[in-house]
Amino acid sequence: MYNAKEVEEKWLKCWKEDMYSFDWNSKKPHYIIDTPPPYPTGSFHLGHALNWCIIDFIARYKRMNGYEVMFPQGWDCHGLPTEVKVEEKYRIKKNDVPRDEFRKLCVDFTMQNIKLMRETAKRLGFSIDWSKEYITMKPEYFSKTQLSFIRMYKKGLIYKGYHPVVLCPRCETTIALAEIEYRKTKTFLNYIKFSDDVVIATTRPELIPACVAIAVHPKDERYKHLVGKKVKVPTTNYEVQIIADEDVDPSFGTGIVMICTFGDRQDVKWWKRHKLELRNILDRNGKLNEFAGKYAGLTTKEARKRILEDLALEGRLIKQEEIEQNVGICWRCKTPVEIIPAEQWFVKVEKEKILEAARRIKWVPQHMFSRLESWVEAMEWDWVISRQRVFATPIPVWYCKKCGEILVAKEEWLPVDPTLTSPSENCPRCGSNEFRGETDVLDTWMDSSITPLVITGWPNVKEYPTHLRPQGHDIIRTWAFYTILRSLALQNEIPWYEIVINGMVFGEDGRKMSKSLGNVIAPEEIVEKYGADALRMWAASGVIGDDIIFSWKEVVAASRFQQKFWSITNFTAMNTKDYRMSEEDRRHLRDADRWILSKLNKLVAEVRDHMENYRFNEALKAIRTFTWYEYADNYLEIVKNRIYSGSEEERRAAKYTICYVLSVLTRLIAPFAPFMAEECWNQIFDGSVHLQKYPEVDKELLSEEFEKKGEEVKEIVASIRKYKHDRNLALNAPLKRIIIFTKFDSLDTKDISGATNSKVELVKEEPNVEISVKSLKPKFAIIGPMFKDKAKKILGKISQLEKEDLKKLYSERELDIEVENEKIRIRSDWFEFELERKIEGKKVVLIETKNSLIFIEE
RNA sequence: GGGCUCGUGGUCUAGUGGUUAUGACGUCGCCCUUACACGGCGGAGGUCCCCGGUUCGAAUCCGGGCGAGCCCA
């Protein structure tokens, strides 16, 4: 029995840590993989596992093909989730302790999580080069993030600006567009009378004091006359212009909309397009400010209630209807977000440049490019990179307390935390030496979007672009997008030649894996039950880019295949103890050997083609089908007997073949099932299978002719097996004699004989078979309608026919008979014949295959 | 509301213009044949989501519809 757990744990101990280390000085062609740094939550989940399996398949395949492969492991540490966890753990708020102390708690917490996740990654057998591990919260890394900030600032690609940003009032920080989620909620659409002519419909009445214009559709006949007029805004004492805009939906509400600064992103568009004034009534804590007049100090929720009450009193609230609405919420805390203008740091987004670069990258699957494309094209404003948090890379900037001058850190001062240290220079404008350090920190994507640069040694890159970016499709609009942007900005080059996108993992119920749905499966659970190799083979079963449903069935099937593979290895080892592979033995190969070796080499070509195109499912399927159904079920069954009782040469040929096949199969499957492949390899061969060359096609062994012959042998054996099966005979039951007449010049009767446990003769000429008709069964469905009432008499006549006549009917396909003085021509296809065949007076049974006639004497 | 992906026996799935539609799991029957019963041999099981079009020919291409998932507004 193959014990996956035992085998895997054994090899984890045996394998050396530096087995997969990358050497810049290696003369081999380099293959650098820009692997994703996961967020260290403490658990390496199945989604990670899928992603890493795919990376590992590629890495191992490339390595076996002679590449010097870099498979680094990063950890993308910074971010709000950890801050929240740490606050929970220590029951503090981040502002209760000094910034650097809070940061330290986050660092410690994160290091523990990384430790846990490393364990899982190692257990799954990924060929990671641990010497290339990077951790974004460490000074070695974040100083590079800071350096990238400085360089982009100098190039004018980073600026400080006053701009609408998305704010989460609960987190009290701005968030990126990418961090907004949308949720359907029920809310009231309020019809509010501004004047007798102007009734607007809004879901955000609390923003009325922020109204800066009223808009209608230019073609809306109802309101054409209003355009250009002014109307007073309720609850305030000012008037706003009524304008026309194509984007107004005449069918929504009354067809009149108020534009506020800001209710949603559409408002921002209108505000920019019509150059409207700014009335900012919201503060970053989510409360209304003095511009909201008497509603100052209220939360939006309180304000909504108060304003509606006031409007109702004035008779301005005409009606309310419940509608469903998509509300933007903070991805982290699910609080509805607000849009406010604020001073923030921005990175310029040069759409065209990015798209042009993205087009030069090979996207796998190709259609994933359109996700990036539509995202970029729909972008409305630049990338906000400042965050009001603690656990993140500090922005290396100070402000002069006297003149407000921005002082950006010098490159040699890095790493730096401007909240802890002051610049070692005076203000270049006013000479003051009093500074205020920037307390805003950088968006986490600023850390992770330079991974291809960091792993290649930036700012002194050794080699660029990298070769491959593997990642999930959920972060195309973030990680992939930002990385391309940054690579262009800092290196003026695409980050990778190729990007391979994997799908998401769903639970067995077809829904996203989540704790609340209770459909989460941890990789550890699968490893515990079936081992890492089985999990890896499940991961290989999906189509690249497609979402994949976790399936125990698939894991179990993989696990059974391992047992099969192990049995084959066991058989091979048992029978080759006394044998050492020698090319000499190729000369003695028999038909079956040449057949399987040719098919094996075809398999090698096929698998290589699949691997080159990331069709891991196809590659593994081809390996499994060949191994199980061609090799084990057919070849081994055929050759077994020769190994047990053949001549010396016959046995050597068989042994050569089974060693050769095993050597190829273990190497083919090594990227998918590294533990099993290693275990099986080591039963017969020396060294590690992972340091071997990936099998290449041996053209000398390809032979269409032998494949056809081998197929025929296989078919003959299979049909004899079926014959035995139909007669309830044991498959190894001996038959007296088997005579084969075949189109081939020769066939290897030795193996047929062995496989069927019977004497086999090959005849050059079609044997002289005496055929007699034992009985015939009329097909009433034909004869009945044809002869109606005469049918009975005709059949009566037929039943009295002589053997000779029956034979004539069979061989000449028709026969004339006389019924009641009438001549009737009957045809053989109106009957089913039961024949009896005799060769040399002995009864035989005939089986036909495509190319042969098989006569069996029982 | 838009974009992308998908819809094939009970379940999952292969198949992107050409014999009888692939395989896995499950199911049924037979067989413990000295590598494997986590095995072998054999069988049953399908309106290829619906409608229309292109074509000599469509699971496959086109249009529409219905349904699912993902991403976005």
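Student: Before we start, which conventions apply here?
Tutor: This is a predicted model, where local features need pLDDT of at least 70, side-chain atom pairs count only at pLDDT 80 or more, and totals for chains, interfaces and linings use all residues. Residues are numbered from 1 along each chain as its sequence is written, chains are lettered from A and ligands numbered from 1 in the order in which they are written, and side-chain values use heavy atoms, with hydrogens and water left out.

Student: Thanks! Let's take E679: which helix is it in?
Tutor: E679 lies in helix α19, residues 674–684. Helices here are DSSP runs of H or I with at least four residues, strands are E runs of at least two, and both are numbered from the N terminus.

Student: Is E679 buried or exposed?
Tutor: E679 is buried, with a relative accessible area of 8%. Buried means under 20% relative accessible area, exposed means over 50%, and partly exposed is in between, using a 1.4 Å probe and protein chains only.

Student: And what does E679 touch, sequence neighbours within four places aside?
Tutor: E679 is then in contact with Y2, V7, K10, W11 and W566, where contact means heavy atoms within 4.5 Å. Two of these also come up as polar contacts: the side chain of E679 pairs with that of K10 at 2.7 Å and with that of W11 at 2.8 Å. A polar contact is a pair of N or O atoms within 3.5 Å; within protein, one must be able to donate a hydrogen and the other to accept it, and residues adjacent in sequence count only if both atoms are side-chain atoms.

Student: What about the nonpolar core, which residues touch the most other members?
Tutor: In the largest core, of 133 residues, those are L46, F550, F616, Y631 and F672. Helix α17, residues 616–645, gives the largest share of this core, 13 residues. A nonpolar core is a set of buried Ala, Val, Leu, Ile, Met, Phe, Trp, Tyr and Cys residues joined through side-chain atoms within 4.5 Å.

Student: Last one: how many disulfides are there?
Tutor: The count is zero, with a disulfide being a pair of cysteine sulfur atoms within 2.5 Å. C211 is in none, and its nearest cysteine sulfur, that of C260, is 5.2 Å away. For C430, also in no disulfide, the nearest is that of C400, at 3.4 Å.

Student: Are those two buried or exposed?
Tutor: C211 is buried, at 0% relative accessible area, whereas C430 counts as partly exposed at 37%.
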